[in-house]
Amino acid sequence: MKKAVISVGHSILKNGMCTSASGVVNEYQYNKALAPLLKVYLEKNGWKADVIVCPEKKFASKEEEKSYKLPLINQGGYDLALELHLNASDGTGHGAEVYYKTETGKAYAQRVQKKLAGVFRDRGAKKEDHLYFLNGTKPAAILVESFFCDNKGDCELGKDMKKVAKLIADGIAGK
Ligand SMILES: [Zn+2]
């Protein structure tokens with residue numbers, strides 16, 4: 001049985017500040033709610049899945065997110081590590097994109113992107129060499145930017161979280 005780890009991007013720092021973007025919806029809060037749904041749909045597809053959320057109001061800086069998550073991911077024996085994010089710009093940017101670094105990551109990224117592009121504008125699966133989540137993880141890894149958290153139309157489409165979770169899960173499982 002294949003095993004995935006779902007990481008919720010960002011955290012809430014000791015001082016109460018959230019390290020994520022916020023617009024019509026808050027990126028971190030949205031993905032914290034999406035992650036358990038994604039786990040359910042992955043399990044329906046025959047995968048095992050764990051969710052990683054950073055402890056809230058514990059970290060002094062966002063750099064601690066990385067040192068918290070990477071050991072959990074790299075010692076977990078996972079086939080796939082994915083991190084959930086939402087994009088942000090000036091309110092006009094919209095659509096889904098999925099980042100990868102390796103060839104195994106690319107296959108997952110392309111499948112998830114294809115699913116998300118059935119609902120959101122298709123910004124493509126993109127190779128990216130500058131993200132710690134892709135550079136520091138041992139399993140195949142993807143970083144999913146499901147839509148733009150500061151775009152009204154995207155947030156309307158993203159309201160159906162079960163649908164978004166199912167799209168990502170089906171993309172991962174190749175359904
Ligand atoms: Zn983010």
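1. Zinc donors. In this predicted model, the donor residues of the zinc ion follow the spacing H-x16-E-x57-H along the sequence. The protein donors are His10 through NE2, Glu27 through OE and His85 through ND1, at 2.0 to 2.1 Å from the zinc ion.

2. Glutamate 27 belongs to helix α1 (residues 27–44) and histidine 85 to strand β3 (residues 80–87). The pair is 58 residues apart and links distant parts of the chain. Glutamate 27 and histidine 85 are both buried.

3. Packing of α1 on α6. Helix α6 covers residues 161–173, and α1 packs with α6 at an angle of about 50°, the axes being 8 Å apart. This angle makes α1 oblique to α6. The crossing of the two helices, α1 and α6, is right-handed.

4. What makes the contact? From α1 come Tyr30, Ala33, Leu34, Leu37, Leu38, Tyr41 and Leu42. From α6 come Met161, Lys162, Val164, Ala165, Lys166, Ile168, Ala169 and Ile172. Of the residues in the contact of α1 with α6, 13 are nonpolar, 2 are charged and none is polar.

5. Tyrosine 30. This residue lies in helix α1. Is tyrosine 30 buried or exposed? Tyrosine 30 has a relative accessible area of 7%, so it counts as buried, the cut-off being under 20%. Setting aside neighbours within four places in sequence, tyrosine 30 is in contact with Val25, Leu86, Phe147, Gly158, Met161 and Val164.

6. Tyrosine 30 and asparagine 45 are separated by 15 residues in sequence and by 23 Å in space, C-alpha to C-alpha.

Key. Residues are numbered from 1 along each chain as its sequence is written. This is a predicted model: local features need pLDDT of at least 70, side-chain atom pairs count only at pLDDT 80 or more; totals for chains, interfaces and linings use all residues. Side-chain values use heavy atoms; hydrogens and water are left out. Donors are N, O and S atoms within 2.8 Å of the metal (3.2 Å for Na, K and Ca); water is not among the atoms, so sites may look incomplete. Helices (H or I, at least four residues) and strands (E, at least two) are DSSP runs, numbered from the N terminus. Buried means under 20% relative accessible area, exposed over 50%, partly exposed in between (1.4 Å probe, protein chains only). Axes are lines fitted to C-alpha atoms, for helices over the stretch in contact, and angles run from 0 to 180 degrees between N-to-C directions. Angles under 35 degrees count as roughly parallel, over 145 as roughly antiparallel, 65 to 115 as roughly perpendicular and the rest as oblique. A crossing is left-handed if the near helix is turned anticlockwise from the far one by less than a right angle, and right-handed if clockwise. Contact means heavy atoms within 4.5 Å. Ala, Val, Leu, Ile, Met, Phe, Trp, Tyr, Cys and Pro count as nonpolar, Asp, Glu, Lys and Arg as charged, and the others, Gly among them, as polar.
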